[in-house]
Amino acid sequence: MPDLFAYTDGACSGNPGPGGWGVLMLAREGSVTVKERELSGGEGLTTNNRMELMAAISALEALAKPSTITIVTDSAYVKNGITEWLAGWKRKGWRTAGGAPVKNVELWQRLEAAQARHSVTWRWIKGHAGHAENERADALARAGMAPYKSGVGA
């Protein structure tokens, strides 16, 4: 059984502004990639954090059956939110430690539901630091944003 990885990224032109998300999904046996799949999409008016969340959500929702997967993101917001902050937000009625409403609550709830079907390991890597898979996810996110940036998909 190959190991599954999803490299996710979000992009935004302006924040808020037109945005896109991208996912590079890889199945690997050892260091050999045996299958890959690319996903991308976008929105006309959004934020970078929303696009980072949509990338992770889309990766998990694309899996047809419960799977063991490693999600690699360059978003500390997504990684820390799902692994550290989520339980506290829920306990506090979707409020932050400072008492403010959690932003993007509907996407956090969707991510939590998508994750529940799978065994997920979350890994953070530095973005724009020469990681080939992260660069491909970034290119997919920019491609997902392109129709909205030109006004065609808005």
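Helices (H or I, at least four residues) and strands (E, at least two) are DSSP runs here, numbered from the N terminus. What you're looking at is a predicted model, where local features need pLDDT of at least 70, side-chain atom pairs count only at pLDDT 80 or more, and totals for chains, interfaces and linings use all residues. Residues are numbered from 1 along each chain as its sequence is written, and side-chain values use heavy atoms, with hydrogens and water left out.

**View 1. The whole fold, for orientation.** The protein has 4 helices and 5 strands, and from the N terminus on they go β-β-β-α-β-α-α-β-α. The C-alpha trace spans about 45 × 40 × 30 Å along its principal axes. The radius of gyration (over C-alpha atoms; the globule rule is 2.2 Å times the number of residues to the power 0.38) comes out at 15 Å, which agrees with the value near 15 Å for a compact globule of 154 residues. Of the contacts (heavy atoms within 4.5 Å) with a separation of 6 or more, 66% are between residues 24 or more positions apart.

**View 2. Threonine 46 in strand 3.** Threonine 46 sits in strand 3, residues 32-46. Is this residue buried or exposed? Threonine 46 is buried, at a relative accessible area of 3%; buried means under 20%, exposed over 50%, and partly exposed in between (1.4 Å probe, protein chains only). Leaving aside residues up to four places away in sequence, threonine 46 touches Cys12, Asn15, Pro16, Gly17, Pro18, Gly19 and Met51.

**View 3. Threonine 46 and its polar partner.** Side chain to side chain, threonine 46 makes a polar contact with glutamate 43 at 3.5 Å. A polar contact is a pair of N or O atoms within 3.5 Å; within protein, one must be able to donate a hydrogen and the other to accept it, and residues adjacent in sequence count only if both atoms are side-chain atoms.

**View 4. Asparagine 104 in its loop.** Look for asparagine 104 in the loop between helix 2 (76-91) and helix 3 (105-116).

**View 5. Polar contacts of the asparagine 104 side chain.** The side chain of asparagine 104 makes a polar contact of 2.9 Å with the side chain of arginine 50. The side chain of tyrosine 77 also makes a polar contact with that of asparagine 104, at 2.9 Å.
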